[in-house]
Structure formats: structure tokens, C-alpha cells
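Subject: Structure handover

Hello,

Here is the structure I promised to pass on. Please open it first, then read the notes below.

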Amino acid sequence: MTRVLLDVDTGIDDALALLTAALSNEIELVGCTVVWGNVDVAQGARNTSEVLRLVGHVDVPIAVGAAGPRSGARAVFSPEVHGADGLGGCADTAHVPELAAESAVELLLRLSHEHAGALEIVAVGPLTNLAAALDADPTLPERIRQVTVMGGPALAPGNVSETAEANIWHDPEAAQVVFDAPWELTMVGLDVTMTSLITDAHRERLAAGGAAGRFCDRILDFYLRYYEGYTGQRPSGNHDALALAVATGLVRTTLSPIVDVTVDCGDGPSRGRTATTLEGAWGEWPEREGARHRVVMEVEPGFEERMVDLIAAAP
């Protein structure tokens, strides 16, 4: 089993990743750290707790982290995408989460020692918590097996600007710190997450399942309606769960060159852009000497089918 710490800003696609991690017999979810992003950090923590409770994983420690970007700028959220509550209007307002007494940075550092050399960090929100952990302990990368980031496009267009993806755009300065750190880092961006599509047919299968499946049916209805207005087509990208699947081997990558990635931290229209050395190249890009970032461009098909089956089958 792969030991995973999930760093989340729990909205709808985060919920799918959390359920997949909690239900897979190939993953040991050892902790969750919560960052601002899709919703404010307090709501994100409540959502994380509620989702894990659905499948009986109340023992997973959940620690609250950064409430805004590294620069101190105002935090911006995404109610139009995930709903004001982050779960498409389906969050249980009566739910009282049980949260860790330690901060997100403290939990991350503690787990890095407890699972030294074996811990996979899967970050599916802004990278503020990871950058803060690196500030607190620059030796952290020595104990981490791999970091997988859902963020950026390499060659695809962005989703908050022409060139930037939301998780990176929310906190480019933190993202640059994380990409600069000396650990193995895999970027799972829009180039590939927008090829793993969740459809109404998937919703129907989830609706016929247990409590977790019926919950996903409801929250995905909101998410798919947003995508219909955004792209003109109702299927949504399967962003966060696909990053988890890449990190843990639930899906096999078929094209993932190792290149250099830099983040635009300027104030211009390309702020948050993840610039890669794939640009200007054609075909199966050769690995570049000294490069450290694996950028996933293609994966084998079918993961979303297996994910839906897993969640629908949960009691």
C-alpha cells in the first residue's frame, strides 16, 4: 500500500480524490492537510471531514493550513465552480469536524518522519502549505518519496487565464518554491486531466450505489452544470483523483517526460503560467539533462470507470 498525505482545498473534485484514497485497498491515507482555494480553509476542513466520514475514515488526521496566499494577498475562492460550500450546495451544515490540534505544517513534518522515505504527498490545491513546510524544515525533501501536484498546463490552455491553471494561479510564489525544492516532483496538469472525463452516465452509476455514490451524484450535478456553461459540454475533467491515481499507480502514465518547469510570478497576464521545456518541441520529448520535473501528458484510459465503480460499491 502506498502511504499518502493529501493536501486539499476540498471542493467537488477533491472529494472524488478523498473517496478514492479512502476506499482503495492500494492506498493508506495517513493524513490530510487543508489549504484555502476552492473555498476558505475552514470550510475546506469541514468538507474534508464530512467526505471521509461518509466512508468511515474518521481516524485520518485532518490539519488546517494556510488561509491565503504566501504573498499576503487577498484569498480568492471558486463558488461558481464548486458552490458556496464547496460541495455544490450539498454540504451537511450540521456536521462538526474533528480536526487535529497540530497545524498542517506540523502534521506534514511529523508524518514525514514517521514514514520517512515512503510518504507520497499529493497536492491538489494551492501549494501554500507545502511551501510553508519547506520554510519550516528545508530537509523535508530528504524524507519524501515523491510529490505529485495537480496543477498547471504544459501545452494546454489554462482555466483561469489563457495560460494559468487555478491551483498555481492562486499562489504562484508558493508553487515556485515547491518546484524549486530538491525532491522528485510530478506535475499532473490540464493537458491530461481534461482527457479523463466524468459524465452523466457516471453519475447514474454513482446514484445507484451506496451513500458515497449518491453523494457524488448530487455534487457532480452542480459540477457538470458549471462545465456545461464553461466549455459548452457537460462532462467535467477528473482533476484531483487523476493526480492521486498517477501518484499511487492506480493509473499508468504512457507519456511523462522529465523537463524543467518554472512558474511566472509576475504581475502580468501570464501570472501563474507553468512554463516547461516542452514548449517548441514536437513528438515524444527527450529527457533533458539536469531536469527534475516529470510532466504527465498521457495516461492509459479507463481510470474514471474504475474510480466510479470503487465509489459506487462503497457500503
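Axes here are lines fitted to C-alpha atoms, for helices over the stretch in contact, and angles run from 0 to 180 degrees between N-to-C directions. Please keep in mind that this is a predicted model.

Helix packing comes first. α2 and α10 pack at an angle of about 140°. Their axes are 9 Å apart. Angles over 145 degrees would count as roughly antiparallel, so α2 and α10 are oblique to each other. On the α2 side, the contact is made by E50, V51 and L54. On the α10 side, A211, A212 and F215 make it. Five of the residues in this contact are nonpolar, one is charged and none is polar.

Next, the cores. The largest nonpolar core has 59 residues. L6 and L220 have the most contacts inside it. Elements giving two or more residues to this core include β1 (2–8), α1 (12–23), β2 (27–34) and α2 (41–54). α10 (211–231) is also among them, and its nine residues are the largest share. Leaving aside neighbours within four places in sequence, L220 is in contact with I12, L16, I198, R203 and L206. A second, separate core has 39 residues, including V105, I121, V259 and L278.

A156 lies between β5 (144–150) and α6 (166–170). Its relative accessible area is 24%, so A156 is partly exposed. Not counting residues up to four places away in sequence, A156 touches L190 and D191. M297 is 141 residues from A156 along the chain, yet their C-alpha atoms are separated by 9.9 Å.

Best wishes

Notes
Residues numbered from 1 in each chain as written. Predicted model: local features only at pLDDT ≥ 70, side-chain atom pairs only at ≥ 80, totals over all residues. Heavy atoms only, no water. Core = buried A, V, L, I, M, F, W, Y, C linked by side-chain atoms within 4.5 Å. Buried < 20%, exposed > 50% of the residue type's maximum accessible area, 1.4 Å probe, protein only. Helix = DSSP H or I, 4+ residues; strand = E, 2+ residues; numbered from the N terminus. Contact = heavy atoms within 4.5 Å. Parallel < 35°, antiparallel > 145°, perpendicular 65-115°, else oblique. Nonpolar A, V, L, I, M, F, W, Y, C, P; charged D, E, K, R; others polar.
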